[in-house]
Amino acid sequence: MSLCLLKYISLKKLINLFKIYLGYYLSIFLKKVVVLGYPFSITTEPTNNCNLHCLECPSGNDSSKRMKGNIDFELYKKIIDEVKDYIIYQMIYFQGEPFLNPEFFNLIKYADNNNIYTSTSTNGHFLSPENCEKIVKSRLKKIIISIDGTTQETYEKYRIGGTLENVIEGVKNLVLLKKQLKSKYPIVHIQFLVLKHNEHQIKEIKSLTKSLGVNKLELKSAQIENFEKNSYLIPAIEKFSRYNKENNFNIKSKLLNRCFRIWSTLIVSWEGTIVPCCFDKELQYPVGNAVNNSTLEIWKSKEFSGFRRKILLNRKKTPICRNCSEGLRIKY
């Protein structure tokens with residue numbers, strides 16, 4: 001992926017990267033918010049609708065208080081037009097299943113036409129041969145497909161309403177269409193959430209992904225919001241858990257008073273609400289709205305700087321940070 005990213009980096013974007021890092025480290029050193037650059041990464045939400053009912057997903061388990069909807073394509077274009085001189089990488093996903101947005105392929109194409117590397121994440125139930133051809137032709141560069149079990153019985157314990165066979169068939173469709181269209185892209189990643197009921201299948205998921213011919217397998221720790229109800233999901237294999245059971249299920253990370261994400265990445269919901277972090281699934285910390293304001297002005301606004309200041313002073317006091325997986329990447 002890193003080599004492919006080079007084609008999306010202009011001199012202006014490179015200078016902006018330097019400004020981002022300089023501002024970030026000055027902020028840590030001075031304990032004062034210094035924002036010199038604009039974001040080099042953006043996360044946009046195509047939709048927060050979903051076809052599954054995953055246990056710990058607010059969109060799927062209906063615990064979310066947010067309205068359901070799709071991002072307006074004109075709003076999306078406005079956002080991209082405002083940030084395109086600085087953005088290198090875009091994740092076209094936040095909550096929900098992105099393929100449920102009828103304009104999804106147009107979102108990808110518009111970003112790619114504006115020299116932005118695009119990626120997305122999906123539960124894999126919409127990878128028909130027709131959609132896979134559209135994916136490749138849209139010039140999407142990376143796709144993450146969730147497979148959290150190697151048998152239907154195990155898979156559906158978390159991915160409620162899902163069908164493993166459909167997902168596997170979809171992955172095969174995508175790999176085949178890439179070959180037929182002679183394309184290296186999108187890079188295909190399989191993501192396996194390691195949970196108590198599927199941790200015995202790690203060896204099997206490695207074999208399965210190898211046989212499917214995908215580019216990479218990522219074993220990922222699961223985020224648990226409702227410990228009282230769902231703590232049973234936490235795996236027994238210690239390295240795959242984000243939490244310290246002996247310390248009241250607190251995150252293992254030291255939660256230092258810093259966070260590079262809020263100096264580098266812009267998060268936009270389908271409504272146009274901008275929040276500081278992708279862990280703010282319920283939009284509890286809005287810093288502005290892209291419908292009526294410039295995204296770049298919001299980036300350097302008093303509201304956003306106020307949130308950054310809270311993190312610099314005492315990150316542990318911010319609830320959305322208590323589940324953060326930053327610094328907990330698992331090697332396997």
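Predicted model: local features only at pLDDT ≥ 70, side-chain atom pairs only at ≥ 80, totals over all residues.
Colleague: OK, helix 4. Which residues are buried there?
Modeller: Helix 4 covers residues 104-113, and its buried residues are Phe104, Phe105, Leu107, Ile108, Ala111 and Asp112. Buried means under 20% relative accessible area, exposed over 50%, partly exposed in between, with a 1.4 Å probe and protein chains only. Helices are DSSP runs of H or I with at least four residues, strands are E runs of at least two, and both are numbered from the N terminus.

Colleague: And why do they line one face?
Modeller: Down the axis of helix 4, the buried residues fall within an arc of 155°, so they line one face of the helix. That arc is taken from the directions from the helix axis to the C-beta atoms. As background, an α-helix has 3.6 residues a turn, so residues three or four places apart point the same way.

Colleague: What do they pack against?
Modeller: Helix 3 (73-83), strand 2 (89-92), strand 3 (117-122) and helix 5 (129-138). Contact here means heavy atoms within 4.5 Å.

Colleague: What follows helix 4?
Modeller: Asn115, whose phi is positive, near 60°.

Colleague: Switching to Ser121, buried or exposed?
Modeller: Buried, at 11% relative accessibility. Ser121 is in strand 3 and, not counting residues up to four places away in sequence, touches Met91, Tyr93, Pro98 and Ile144.

Colleague: How far is Gln191 from Ser121?
Modeller: They're 70 residues apart in sequence and 9.3 Å apart in space, C-alpha to C-alpha.

Colleague: Now Asn198, where is that one?
Modeller: In the loop between strand 5 (187-194) and helix 8 (202-212). Asn198 is buried, with a relative accessible area of 0%.

Colleague: Which backbone atom lies 2.7 Å from its side chain?
Modeller: The backbone nitrogen of Leu195, 2.7 Å from a polar atom of the Asn198 side chain. Leaving aside neighbours within four places in sequence, Asn198 is in contact with Asp148, Thr154, Phe192 and Leu193.

Terms used. Residues numbered from 1 in each chain as written. Heavy atoms only, no water. Polar contact = N/O pair within 3.5 Å; in protein donor to acceptor, adjacent residues only side chain to side chain.
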